[in-house]
Amino acid sequence: MQKRRTQVGIVGAGPAGLMLSQLLAREGIDSIVIENRSRAYCEARIRAGLLEQGSIDMLGEAGVGARMHKEGLAHDGIELRFGGQGHRIDIKALTGRNVMIYGQHEIVKDLNAARIAEGGQIVFEAGDVRIHDFSSKAPRITYTHGGEPVEITCDIIAGCDGFHGICRPAIPAEAITLYDHPYPMGWVGVLVDAPPVSHELVYSSTPRGFALFTMRSMTVSRLYLQCGPDEDIAEWSDDRIWEELELRLDGGSDHKLPKGPILQKGVTEMRSFVCEPMQFGNLFLAGDAAHIVPPTGAKGMNLAFADVRRLSRAAADFLKRGRREGLDLYSQRCLKRVWRAQHFSWWMTTLMHSFDTYNAFERRAQQSEREYVASSAAGAKTLAENYAGMPWAWDED
Ligand SMILES: Cc1cc2nc3c(=O)[nH]c(=O)nc-3n(C[C@H](O)[C@H](O)[C@H](O)COP(=O)(O)OP(=O)(O)OC[C@H]3O[C@@H](n4cnc5c(N)ncnc54)[C@H](O)[C@@H]3O)c2cc1C
């Protein structure tokens with residue numbers, strides 16, 4: 001068995017794990033990232049695309065913001081559509097903050113490149129990854145690589161291995177509370193080789209269901225349609241997708257839907273999920289390993305970055321100065337932002353989607369809420385503040 005040693009053993013090379021490794025390196029702290037997929041697979045995985053102001057700033061401060069600032073699309077607002085009419089929410093005017101469109105897979109490429117250029121250690125295609133002794137002072141991670149068994153001893157383990165990873169399930173069930181809220185719907189998502197409908201995101205609510213018109217660049221669109229919870233993508237032909245997108249854009253003279261080849265399509269499930277606390281002994285969960293939000297509020301990757309920002313500081317305080325308070329309070333401090341994002345993502349989802357189970361009263365109440373947000377400065381500001389992301393000072397220690 002090959003034996004290795006590091007200060008922080010990180011499971012998962014998604015946005016959370018890679019950003020954590022990058023932030024720790026800035027603090028002079030050594031880490032090894034263990035990932036079960038290949039680098040090419042991770043860099044081609046199309047997922048999030050919208051960065052809050054705090055995440056934009058963090059990428060810059062971590063030394064990986066240059067390409068984002070060059071190629072990303074800064075947005076000052078979004079459009080809510082219902083009843084065939086658009087209502088712009090001017091996020092910049094309401095909050096002084098903006099958001100940025102820049103694909104998660106591009107961030108993963110930038111972080112991989114930066115870590116590897118700086119001599120950072122990322123093990124791709126690790127097999128049978130397991131964590132051990134994480135309630136002790138000498139936790140271990142074991143895995144196989146190229147058929148050889150490897151053991152890493154470390155001071156702390158960061159579980160950044162996503163919702164389906166191995167770290168959260170390794171915590172004794174009696175030590176955590178799981179809050180799980182599935183939704184009676186999913187999203188059909190397509191990546192299209194065509195310009196976006198509009199230069200900003202369009203969230204459209206129609207009696208046929210919700211649709212989101214977003215983009216990855218000014219030549220590639222990312223389009224979503226509300227669908228049933230367990231739908232088979234084979235049921236969604238390209239023709240059916242275009243027809244439904246057209247109907248749900250309900251664009252009138254405001255918007256035309258540019259068409260092009262569909263490059264990728266799939267169905268995403270919708271759920272809200274939180275694991276409390278996000279730590280056990282010397283194991284600390286971050287990102288989707290600890291919490292999931294429905295994509296309506298575009299919060300998942302942003303929350304992952306907020307977690308690792310806090311974890312990197314707490315780990316540095318412990319490993320450099322012997323102070324453990326930040327690690328002990330890690331979960332408690334993260335959860336204020338996590339639950340704000342949970343409520344906002346649930347609220348945006350219930351505001352804009354169609355629910356078969358709603359009675360006539362609930363439909364009218366939902367309609368009233370949309371009209372309030374679109375026509376009241378206070379309603380619009382609440383949406384804008386949450387959408388741009390709460391400033392770091394809001395939950396600073
Ligand atoms: C359709 C869609 C749209 C979205 N839009 C947005 C958006 O606009 N804005 C936003 O902020 N968020 C969005 N999200 C959410 C965002 O993609 C996730 O929150 C984000 O990927 C979380 O990052 P993570 O690093 O915590 O987890 P992941 O990205 O899941 O990374 C976990 C990593 O761990 C690896 N791993 C898993 N198991 C193991 C194991 N046993 N051993 C080793 N490695 C393992 C995985 O291969 C992966 O590389 C969206 C998600 C979806 C599905």
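Two strands pair if DSSP finds at least two bridges between them. Helices (H or I, at least four residues) and strands (E, at least two) are DSSP runs, numbered from the N terminus. The model is predicted: local features need pLDDT of at least 70, side-chain atom pairs count only at pLDDT 80 or more, and totals for chains, interfaces and linings use all residues. Residues are numbered from 1 along each chain as its sequence is written.

**Exercise 1. Strand E6 and its partners**

Which strands pair with E6, and in which sense?

Solution. 
- Step 1. E6 pairs with E7 (residues 85-90) in the antiparallel sense over 6 bridges.
- Step 2. Glu79 stands opposite Arg88 in E7.
- Step 3. The hairpin of E6 and E7 has 2 residues between the strands, and Gly83 takes a positive phi near 60° there.
- Step 4. With E15 (residues 201-206), E6 pairs in the parallel sense over 5 bridges. Phe82 stands opposite Ser205 in E15.
- Step 5. Now check burial. A residue is buried if 20 or more other C-beta atoms lie within 10 Å of its own, exposed if 12 or fewer, and partly exposed in between; C-beta atoms are placed from the backbone. In E6 (residues 77-82), 5 of the 6 residues are buried.

**Exercise 2. Backbone exceptions**

Asp128 and Asp250 have a positive phi. Decide for each: buried or exposed?

Solution. 
- Step 1. Most residues other than glycine have a negative phi, and most peptide bonds are trans.
- Step 2. Asp128 has a phi of about 45° and lies in strand E10 (residues 127-132). Asp128 is exposed because it has 11 other C-beta atoms within 10 Å.
- Step 3. Asp250 has a phi of about 50° and sits in the loop between helix H8 (238-249) and E18. Asp250 counts as buried because it has 20 C-beta neighbours inside 10 Å.
- Step 4. Glu276 and Pro277 are joined by a cis peptide bond with omega about -10°. Pro277 is in the loop between E18 (262-276) and E19 (279-280).

**Exercise 3. The nonpolar core**

Which members of the largest nonpolar core touch the most other members?

Solution. 
- Step 1. Define the core: a set of buried Ala, Val, Leu, Ile, Met, Phe, Trp, Tyr and Cys residues joined through C-beta atoms within 7 Å.
- Step 2. The largest core has 110 residues, and Leu20, Ala158, Ala286 and Ala315 touch the most other members. Helix H9 (residues 300-321) gives the most to this core, with 11 residues.
- Step 3. Two residues are in contact if their C-beta atoms, placed from the backbone, lie within 7 Å. Beyond its neighbours within four places in sequence, Leu20 contacts Ile10, Ala158, Cys160, Ala286, Val308, Leu311 and Ser312.
- Step 4. Helix H3 (residues 53-61) has buried residues too, including Gln53, Ile56 and Leu59. The buried residues of H3 pack against E4, H4 (66-71), E8, H9 and H13 (377-388).

**Exercise 4. The ligand shell**

Which element supplies the largest share of the shell around the ligand?

Solution. 
- Step 1. A residue is near a molecule if its C-beta atom, placed from the backbone, lies within 6 Å of it. On that basis 35 residues surround the ligand, and the closest are Gly12, Gly14, Gly162, Gly287 and Gly300.
- Step 2. H1 (15-26) and H9 each supply at least two shell residues. H9 gives the largest share, with 4 residues.
- Step 3. Sort by class. Ala, Val, Leu, Ile, Met, Phe, Trp, Tyr, Cys and Pro count as nonpolar, Asp, Glu, Lys and Arg as charged, and the others, Gly among them, as polar. The shell has 16 nonpolar, 13 polar and 6 charged residues.
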